[in-house]
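Hi,

Here's the structure I said I'd pass along.

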Amino acid sequence: MLPRTLICVPILCILLGCYPQTVSAEEEKRPNILFIIADDQSPFDFRFYNPKSQLDTPVIDQLAAEGMVFDAAYHMGSWSGAVCTPSRHMVMSGRSVWHIPRKGKPREATSNLVPPRLANNTMAAVFNRAGYDTMRTCKTGNSYAAANKQFTVVREALKRGGTAETGSAWHGQQVLDYLNEREKANDTDPFLIYFGFSHPHDTRDGTPELLAKYGATNHTDKNRLPPANPQQPSLPHNWLPQHPFENSHLKVRDEVNVSGVWQNRDEQTIRNELGRDFACSENIDIQVGRVLKKLETMGELENTYIFYTADHGMAIGRHGLQGKQNLYEHTWRVPLIVKGPGIAPGSRAPGNVYLMDVLATMCDLTGVQAPETNEGLSFKPVLEGKQATVRDVLYGVYCGGEKPGMRAVRQGDWKLIKYDVPSAGIHETQLFNLAENPLEFLPEHHEQDVITVTGYSPKPNETNLADQPQYIDKRRELETLLQQEMNRLDDPYSLWDQD
Ligand SMILES: [Ca+2]
Ligand SMILES: [Ca+2]
């Protein structure tokens with residue numbers, strides 16, 4: 001933490017009318033942070049991850065070109081169908097998935113894995129103490145309310161409509177209003193702005209112009225399919241008509257009751273929903289552009305670290321799934337760009353980071369001490385090009401439905417997913433080489449009626465390798481790693497084949 005005198009200097013100066021001459025050069029140079037977070041957005045929607053994507057995001061693409069793109073950024077997972085909730089707790093606290101307050105528990109302090117008064121050591125509280133001005137706009141609900149309240153300026157509302165007032169433009173406007181107020185007040189303190197959106201989470205009601213661009217309609221009639229339109233994004237190559245087996249939560253709201261999709265996985269429904277999704281994501285891009293332009297006008301852009309990410313990914317037809325309750329790459333991974341002073345333009349990091357590492361990184365970049373409760377790792381050395389990665393192994397959990405549910409582990413190009421669903425008698429293991437099979441094709445993707453719909457014939461090695469004899473050692477190795485990670489992270493469950 002900074003010495004109290006340093007924090008008080010600006011206040012004293014304003015009172016004495018001597019501002020800003022007496023502010024030290026060092027203080028003036030402290031960088032700002034703009035943390036941008038979308039709600040439910042797959043990395044594969046973006047061209048800097050998937051060159052074939054039809055989504056236009058010129059502003060975010062420009063950020064990617066001017067900063068560093070992470071190819072293996074993950075959220076750690078969820079013990080709830082509301083995947084947003086643990087994800088946002090991890091972002092705010094820098095703590096791992098079993099060490100954060102649990103939904104449904106009356107108080108944070110009820111578990112010895114969660115420190116008391118944790119909210120006082122979350123993102124905004126830490127930066128407030130360091131003399132930053134903190135502002136937040138985001139959706140309401142499925143979040144970390146006690147941490148969100150710590151921001152000095154809070155402008156929250158759920159905005160998933162298709163107009164300026166009811167959609168993403170509202171969130172953009174809150175940031176612009178805040179920056180305008182700072183400008184008027186001649187406020188030169190460094191700032192941390194948490195710029196969150198309510199989209200492209202469903203209901204994906206886009207603006208009329210952007211819906212038209214992507215050939216989509218805000219479909220509401222459950223008894224009909226939405227109209228087909230050649231402008232719609234094409235079907236993802238890893239689309240399936242249904243998930244091949246019970247994965248522990250196939251009846252969750254997101255899989256059966258999203259307006260416009262429901263239980264349908266046909267081409268018309270999925271392409272229309274992707275069109276809606278893209279309309280919402282392009283609108284986010286426009287709003288980010290408005291804010292960046294304002295920062296540029298204010299002369300703050302070059303001295304601001306900009307993070308762009310999402311709380312988790314999203315399926316929308318991939319693997320026969322619709323929602324965020326799975327551990328395939330489209331959903332376990334998140335987009336992540338960081339741009340700012342000292343970060344080489346157009347640079348790329350292979351990985352490996354979690355969203356829970358963001359807080360430590362923000363602190364490291366700004367010279368603010370991370371709180372003692374933080375468990376995340378700063379990836380500043382990666383941003384500076386001094387280190388390739390800060391983590392070797394990545395762990396993921398989804399158990400918001402039946403327990404124990406799903407677990408994943410990744411090391412290098414190898415990834416294992418296991419599914420333990422006792423009531424359905426499911427004990428499934430998937431092993432992927434992500435270098436050869438980045439879309440995680442399964443045997444079902446090789447069936448002719450699927451190929452006929454997707455137009456894509458996977459190569460023989462683009463499949464689940466778990467039961468192929470030549471990979472038995474690799475599978476065992478990853479199963480051991482998974483068990484080690486489950487123990488290390490206090491995962492309270494065991495899988496059917498574990499001790
Ligand atoms: Ca979310
Ligand atoms: Ca201020």
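**Strands, sheets and domains**

Strand 13 (residues 405-411) and strand 14 (residues 414-421) run antiparallel to each other, paired over seven bridges. If you want a spot to start from, Gly 405 sits opposite Asp 420 of strand 14. Keep in mind that this is a predicted model.

Helix 15 (residues 472-488) packs on that sheet, where it touches strand 12 (393-398), strand 13, strand 14 and strand 15. The helix direction makes about 110° with that of strand 13.

The sheet itself is open, with five strands in the order 4-12-13-14-15 and mixed pairing. At its edges you'll find strand 4 (77-78) and strand 15 (426-433); each has a single partner strand, so one side of each has no neighbour in the sheet.

There's also an open sheet of eight strands, again with mixed pairing, ordered 6-5-7-1-8-9-2-10. Here the edges belong to strand 6 (153-156) and strand 10 (347-349), and because each pairs with a single strand, one side of each is left without a neighbour in the sheet. From one strand to the next, the twist averages 10°.

Met 68 has Val 338 of strand 9 as its bridge partner.

As for domains, the assignment gives domain 1 (1-30), domain 2 (32-389) and domain 3 (396-488). Taken over C-alpha atoms, the centres of domain 1 and domain 2 are 34 Å apart.

Cheers

Terms used:
Residues numbered from 1 in each chain as written. Chains lettered and ligands numbered in written order. Predicted model: local features only at pLDDT ≥ 70, side-chain atom pairs only at ≥ 80, totals over all residues. Pairing = 2+ DSSP bridges. Helix = DSSP H or I, 4+ residues; strand = E, 2+ residues; numbered from the N terminus. Contact = placed C-beta atoms within 7 Å. Axes fitted to C-alpha atoms, helices over the stretch in contact; angles between N-to-C directions. Domains from an automatic or database assignment.
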